[in-house]
Amino acid sequence: MKILSLLLSLCCVFPFCASAGDWLQFRADATRSGYSEEPLSTDLSAHWVYKPLHPPEPAWKAEDTRMPFDFAPQMVAAKGLVFLGSTVDGSVRAFDADSGKQRWVFYTDAPVRFAPAIWNDRLLVASDDGYLYALALMSGDLLWKRSGGPHEDMVLGNGRMVSRWPVRGAPVVLDDTVYFAAGIWPSEGIFLYALDPQTGDVRWKNESAGSLELDQPHGGARARSGVSAQGYLAAASDTLVLPTGRAMPAAFERATGEFRYFHLQAQGGGWGARKGAGPFITLLESAGDYLTLSENDLFRTRDGAYLARGIPVQATVVINELLLFCDGKQIKALNRNSLFEKEERVNRKGDKEEVLVPAKPVWVIDMPSKVGTGMIAAGNTLVVGTQDNRVLTADLATRTVISALEVDGTPLGLASADGRLFVSTDKGTLYCFGKKQPKEAVEVTPGRHPSPYGKNPGFERAAQEIVSGLSGLSGYCLDLGCGEGRLSYELAQRTQFHIIAVDSDPEKVAKARKMLDSAGLYGSRVTVLQRSLEQTTLPNYFADLIVSGNSVKETAIVVPRNEMGRLQRPYGGVYRVGTPGKIESGARGALTGAGSWTHMYADATNVLCSEDTIVQAPLEMLWYTDNDFEMPSRHGRGPGPLFYEGRLFVEGMHGIRAINAYNGHVLWEYPIKNILAAYDQEHLNGAATTGSNFCIEGDTLYLRYENRCLCLDTTTGALKAEFTAPTRPDGTVGKWGYIACDADRLYGSLCDQGHITVWAFAKAEMEQLYSESNLLFAMDRNTGKVIWTFTPRHSIRHNTLALDGKRLYLIDRPLAERDRLDFKKDEQQEPPQQPGGELIALDIQTGKSVWQVAEDIYGTLLIVSAKHDALLMPYQITSFKLPSEVGGKMAAFRASDGTKLWDIQANYKSRPIVNDRTIYAQPDSWDLLTGERREMKFARSYGCGTLAGSTYLLAYRSATLGYWDLRTGTETINYGGIRPGCWINAIPAGGLLLMPEASNRCTCSYLIKANVALQPAH
């Protein structure tokens, strides 16, 4: 009787007990083995198919992101149910395993990107909203939830509203403990947890893993930039292993959370040297030790030592004494206690060395198709996905293929429970296969209710009035006080906005989600959040349009003004609230103190410094997006981005893209095939010598192309006009080189196409990358009429052209022979020095010389300050410079008359920045008017490219993204996890630090590749 009472009491505490037939975690268990003992028939047919209304929306899907963890929904199964999360609507759904009917749905506040984990009677769900949820397995009721981050802040991440600390370290359960991790940006904080799955109580927390100072992938690169959390955690013995996104995994003590290792530099270099990147891990015991299989590589789990390459983790199974993996059209089996053998190879240096390689297979199964999209085993049945949209089953006893099952896309998710096989594809479809049956599969597809709210006349009129006259109908709309979502629904019918709807009433939020889901709009077009209307926790500036469903039926407008103002986008964000016929409307103007960036070096003066007074240290994320705009190789040093009136302008391989600088939404693209093809090479001086090919003045973007200038509307991207460069004095057509704008003038030059400079590092084609010109001209920027031309005696280096509103400054001098590609060095003689030149100031109205200075003119760069009537003449000393950039000196002149102010010896190794009266050039600063040195002790870690500045900030590459606080700075501050490009890439303007993705072709394992906008942290 006592034993019976004890059993009954245990059942009350733990009412659910897993059976051997359950699939409780991603790839079955905590080691991610992919194996279940439960038998599965090899002869299967589809019993039912669930097809969602929308395909998955992966977080990362652009080139070389290495994070395919959510390309298809991943499922778990137990107790006759199968559970599936959604990257579209943030839901978790339970389906009856027999019939495919939905049993319950639970909504989180953001995408669910990972398979849940099952512990006893509860389902553990990770969401991008920053929470780990515990739901009752059979009913979906919320039992507890645990926030991963320290606050409720949300940001726009890949086009969705997500937590600043999304739970992207997917939960793993071992020994009645659940482990998970929140946060993807190291500098924002990464939080790793061990929880009691019964109560959600914290057993330990590691909150320091993001702030580790570590060697970064390039040699000599070090930064305060620790781990990220993106992928499925795995656990075994005393180790917890965390995938870090694009890099190898990190390891922690399972009992305490103490950091053990993260070999980012040793295993994260490029040139084919990177190892272990990606979100998937398998742990396996081998010869008494645990090994970590990640991407295509094997490591020793206890210390992360690299062992061998050649076993892809995405399609592996650990079963008994075997490790199975896919290789082309074969399944290979290795004895997991003798996985390797030694092989002699010749390394890149030509030396012989011994390396470990996978041992010869114990056996092989030949498959009819190329396999490897996924693989599991259940009992003696092997299940493997193919790249031609099929799932194959094989009998492990006979090692023969039994059946081929057709699916509607790439089969990426596999699970087996209670004799059933569940398969999910990149279309979002979920298949249930069981023992072969004659009847056809049942298709379970949600319907779309054509009118979920019935008659909705007041909201229809309000929506029509709101959209009337709007200049744009896409981007982000905020419904602040959405009620039941009626206005959001109507706006979704009339626009392309992604609508974020907020209400404080939980019953109204639940109803809005249900109604919008029934219309097929929830998540894909409208997301509903329960929040205080006065403190929504939504990000600054994000809303292009703000409305309020509650205000449609209220006699007085009840929208919180302060919160509405905080969320409204600068430079044209609109609010329209109120009842039909009485809609109150307003638009937000410029952001006070926000600077512009209209030329590659900020403006035509070349100061490389905006007048922005808003962007200050410390910085935090405002938005980030995956980059799907092809960029040239970062080593080609393409033209840098621009910012003007709320828009970020980025030039890619095949055109120009305009992005909303405050929320990342793409506004327009203007295609020009191969416009940056010349920059798509390795280790060039690129735009550092050619100058940029586009600039902005007023409402027009000017883009030089061949011998023409295309004039694009900055708001719409429409072609407004096309100007042709003047011909040379002999009547020949030249190529447009330098381009700049100042007030009503457009300035250009005709390139010296015979002056071809050396490449910087590796051999390159330089014939389209011109750094000098032999004709200068000014046009009316509205009509294209040529106003004047100027022909130098010798040549004009593009970097010596600078404008200040009154004069155009240049240096006219003979070409630097040793810069030329055809220069033949004489070993018996010193190479020729850069010849001197003449410093000239031209009147911008007439093109006539105002003054000239011919004595000791040596610099290769001019920067002018109109405010201080000063013209700076330094060198451009940067990585991969031309031979003529000798450095060591700089001088300044009075801009109005050419009087020399000072001339000093100065050691610096960056393109100088002029910030008001201060010159900044690594590692020091100088007074612009006196040349007096001001000790700064500026230092940064590894970093090509150069510095960019604003009133209070310098931004640059220092291993990862680095910045310097000009008010109190004593050291570089890192924003970790991401690297800038190799020239001007991070620009402080618009109140933000804007950095479009520019690391194309970098295979090094920096944790994230993305477009980002950082804001001052408050």
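**Reading strands, sheets and helices**

Trainee: How many of the six residues of strand S64 (residues 838-843) are buried?

Mentor: Five of the six residues of S64 are buried, leaving the strand mostly covered. Buried means under 20% relative accessible area, exposed means over 50%, and partly exposed lies in between (1.4 Å probe, protein chains only). Strands here are DSSP runs of E with at least two residues; helices are runs of H or I with at least four; both are numbered from the N terminus.

Trainee: What should I know about the model?

Mentor: This is a predicted model: local features need pLDDT of at least 70, side-chain atom pairs count only at pLDDT 80 or more, and totals for chains, interfaces and linings use all residues. Residues are numbered from 1 along each chain as its sequence is written, and side-chain values use heavy atoms, with hydrogens and water left out.

Trainee: Which strands pair with S64?

Mentor: First the general idea. Strands of a sheet pair through backbone hydrogen bonds, either parallel or antiparallel. Two strands count as paired if DSSP finds at least two bridges between them. Now the case. Strand S63 (residues 807-813) pairs with S64 in the antiparallel sense over six bridges. There, Asp812 stands opposite Glu838. S64 also pairs with strand S65 (residues 849-853), again antiparallel, over four bridges. Leu839 faces Val853 in that pair.

Trainee: What joins S64 to S65?

Mentor: The two strands form a hairpin with five residues between them. In that hairpin, Gly847 takes a positive phi near 80 degrees. Look at strand S26 (residues 297-300) and strand S27 (residues 306-309) too: three bridges join them, and they run antiparallel. Leu298 stands opposite Ala308. They form a hairpin with five residues between the strands, and Gly304 in the turn has a positive phi of about 75 degrees.

Trainee: Which sheet has mixed pairing?

Mentor: An open sheet of six strands, in the order S44-S43-S42-S45-S46-S47. Its edge strands are S44 and strand S47 (584-587), each pairing on one side only. Here the twist averages 15 degrees from one strand to the next. S45 and S46 run parallel, joined by two bridges. Ile546 stands opposite Tyr575 in S46. Helix H3 packs on this sheet, touching strand S42 (474-480), S43, S44 and S45. Contact means heavy atoms within 4.5 Å. The direction of H3 makes about 175 degrees with that of S43.

Trainee: Which residues of helix H2 (residues 457-467) are buried?

Mentor: Phe459, Ala462, Ala463, Ile466 and Val467. Seen down the axis of H2, these residues fall within an arc of 120 degrees, so they line one face of the helix. The arc is taken from the directions between the helix axis and the C-beta atoms. Their cover includes helix H3 (486-494), strand S45 (545-547), helix H5 (549-552) and strand S46 (574-577). Just after H2, Gly469 has a positive phi of about 80 degrees.

Trainee: How do I check the span of a helix?

Mentor: The expected span is 1.5 Å times one less than the number of residues. Helix H4 (residues 506-518) has 13 residues and should span 18 Å; its end C-alpha atoms are 18 Å apart, which agrees.

Trainee: What caps the N-terminal end of H4?

Mentor: Asp505 does: a side-chain oxygen lies 2.9 Å from the backbone nitrogen of Glu507. A polar contact is a pair of N or O atoms within 3.5 Å; within protein, one must be able to donate a hydrogen and the other to accept it, and residues adjacent in sequence count only if both atoms are side-chain atoms. Just after H4, Gly520 takes a positive phi of about 75 degrees.

Trainee: Where does Gln1015 sit, and is it buried or exposed?

Mentor: Gln1015 sits in strand S80 (residues 1011-1016). Gln1015 is buried, with a relative accessible area of 4%. Its side chain makes a polar contact with the side chain of Asn540, at 3.1 Å.

Notes: Axes fitted to C-alpha atoms, helices over the stretch in contact; angles between N-to-C directions.
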